[in-house]
Amino acid sequence: MKIRVGFGYDVHQLQPDLPFWLGGIVVPHTHGALGHSDADVLIHVICDALLGAANLRDIGFHFPDTDPQYKGIDSKKLLAHTMRLLRENGYELGNVDSTICLEKPKVNPHIPAMRTALAEVMGVPEDDISIKATTTEKLGFVGRQEGVAAYATVLITKP
Ligand SMILES: Nc1ccn([C@@H]2O[C@H](COP(=O)(O)O)[C@@H](O)[C@H]2O)c(=O)n1
Ligand SMILES: C[C@@]1(CO)OP(=O)(O)OP(=O)(O)OC[C@H]1O
């Protein structure tokens, strides 16, 4: 069996009065993430980690932010498409581990709903998706609440 790993990193600005899409759900907050899509930074890093693991370039290659068809798109659709690409190339997901870097709000109460949403889109058990969160102790752009960052690592397998 072939086993490969992939890694993803992404950042989005936070702006007032936008819906805060994160992990496939809307997290109640005064600010939301700004992007060409719905700016779901957690989904974007999972897509990038999956694409990287299969050596299939990155999210901007498959879904360019110059293409109007992706304007405001629900990132769950990008994740579903990424999983199709992965499976077409003979891979299946082993597991995802991820970290959201965000000063406020606390996202811990929302992590179960994010795992449920992502597992459904990806067609995998919830147990295969780990989501963690950390502040940056008020340091940097995350600490100043100017942005949200995320990291993901995935393992994929091919029989
Ligand atoms: N936006 C966040 C940030 C953190 N958490 C949870 O709080 C714990 C402590 O965070 P520190 O940055 O102070 O280490 C962290 O382990 C998370 O469980 C959160 O829910 N939402
Ligand atoms: C998802 C895409 C496409 O709508 O747009 P953004 O929401 O700006 O996200 P980013 O992670 O900057 O890059 C990928 C883009 O191509």
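Start with ligand 1: sorted by class, its shell holds three nonpolar, three polar and one charged residues (Ala, Val, Leu, Ile, Met, Phe, Trp, Tyr, Cys and Pro count as nonpolar, Asp, Glu, Lys and Arg as charged, the others, Gly among them, as polar). Select Leu102, Lys106, Val107, Asn108, Ala133, Thr134 and Thr135 to see what surrounds ligand 1; a residue is near a molecule here if its C-beta atom, placed from the backbone, lies within 6 Å of it.

A word on what you have loaded. This is a predicted model, where local features need pLDDT of at least 70 and side-chain atom pairs count only at pLDDT 80 or more, while totals for chains, interfaces and linings use all residues. Residues are numbered from 1 along each chain as its sequence is written, and chains are lettered from A and ligands numbered from 1 in the order in which they are written. The chain averages a pLDDT of 98, with 100% of the residues scoring at least 70; pLDDT is the predictor's confidence in each residue, from 0 to 100. The scores are ipTM 0.94 and pTM 0.98.

Hop over to ligand 2. It has 13 residues around it, and the closest are Gly35, His36, Ser37, Asp65 and Tyr70.

Next, pick Asp10, His12 and His44, listed by UniProt under "binding site" in an unreviewed entry. They span 35 residues of sequence yet cluster in space, the largest C-alpha distance being 10.2 Å. UniProt positions follow the numbering used here, feature names are shortened, and annotations may be inferred rather than shown by experiment.

Zoom in on Asp10, in strand E1 (residues 2-16). Helices (H or I, at least four residues) and strands (E, at least two) are DSSP runs, numbered from the N terminus. Why does aspartate 10 count as buried? Because it has 23 C-beta neighbours inside 10 Å; the cut-offs are 20 or more other C-beta atoms within 10 Å for buried, 12 or fewer for exposed, and in between for partly exposed, with C-beta atoms placed from the backbone. Leaving out residues up to four places away in sequence, Asp10 touches Val41, His44, Val45, Asp48 and Ala150 (contact: C-beta atoms, placed from the backbone, within 7 Å).

From there, step to His44 in helix H1 (residues 41-53). His44 is buried, with 28 other C-beta atoms within 10 Å, and beyond four places in sequence it contacts Asp10, Ile59 and Ser75.

Last stop: Met83, in helix H3 (residues 75-88). Met83 and Leu51 sit 32 residues apart in sequence and 9.0 Å apart in space, C-alpha to C-alpha.

Key
Contact = placed C-beta atoms within 7 Å.
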